[in-house]
Amino acid sequence: MTGVQTCALPISVEPLEATPRDEVQERADDFRSMSERLPVRIVPRSSNPRELLKATETLEIEYEYQGTNYAIDDFINRTDTTGLLILHAGKIHYEGYFRGADETSRFLSMSVAKSFTATLLGIARSQGLIGSFDDPVTKYLPQLAATGYDGVPIKDLLQMSSGIDFVEEYENE
């Protein structure tokens, strides 16, 4: 595929209050070293991994916001991105690392993990390992009984509507 792919993204490209570069770099370094600060679980890779091939075609990517087209580099710089991988049709069309990261760096997956989890739950449901997304999560994870998740349907967890009070905060204020 050659040419410019344009899509409208529901993101703000308004100028944000500038974060000093040293704070951005410090946050990037902190996020890459979370496994040294918090408990982690290493998931082993497949014994038969699928190789991702690099695309031979040029894929230039733009996005439009409020009538103005922006290049992917604008997005990377505006959002202080540390790593970006774009897969299309089973091939790597873009791979870039920034702010001290490289292809061996570990990254926090944050919301990406929710998409993988939902996909895996869909596979488990299709294989009959989960009866219904309306089932309480404790039917499959009994260790969550007597916690805030007791009786919460899987569907509510997938939709992030479990009722659990959670604050996502990265700054000590």
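This is a predicted model: local features need pLDDT of at least 70, side-chain atom pairs count only at pLDDT 80 or more; totals for chains, interfaces and linings use all residues.
Reader: Which strands stand at the edges of the open sheet of three strands?

Author: Happy to start there. The sheet is open, its pairing is mixed, and its strand order is β2-β6-β5. Each edge strand has a single partner, so one side of each is left without a neighbour in the sheet. The strands at the edges are β2 (53–54) and β5.

Reader: How many bridges join β5 to strand β6?

Author: Strands of a sheet pair through backbone hydrogen bonds, either parallel or antiparallel. Here β5 and β6 (residues 91–97) run antiparallel, and L87 stands opposite I92 in β6. The number of bridges joining β5 to β6 is six.

Reader: Which side chain meets E95 in a salt bridge?

Author: A search of the whole structure finds four salt bridges, and one of them involves E95, with 3.2 Å from N to O. E95 lies in strand β6 and its partner in strand β2, so the pair ties together parts that are 41 residues apart in sequence.

Reader: Is R99 buried or exposed?

Author: The cut-off for buried is under 20% relative accessible area. R99 has a relative accessible area of 16%, whereas D80, at 21% relative accessibility, counts as partly exposed. R99 is therefore buried.

Reader: What is the relative accessible area of K139?

Author: K139 and D135 meet through their side chains in a salt bridge, at 3.5 Å from N to O. D135 is buried, with a relative accessible area of 14%. K139, by contrast, is exposed, and its value is 54%.

Reader: Where is the place of T82, and is T82 buried or exposed?

Author: T82 sits in the loop between α2 (72–79) and β5 (83–88). Leaving aside neighbours within four places in sequence, T82 is in contact with several residues, among them A28, R32, Y97, R99 and F107. With a relative accessibility of 18%, T82 counts as buried.

Terms used:
Residues are numbered from 1 along each chain as its sequence is written. Side-chain values use heavy atoms; hydrogens and water are left out. Helices (H or I, at least four residues) and strands (E, at least two) are DSSP runs, numbered from the N terminus. Buried means under 20% relative accessible area, exposed over 50%, partly exposed in between (1.4 Å probe, protein chains only). Contact means heavy atoms within 4.5 Å. Two strands pair if DSSP finds at least two bridges between them.
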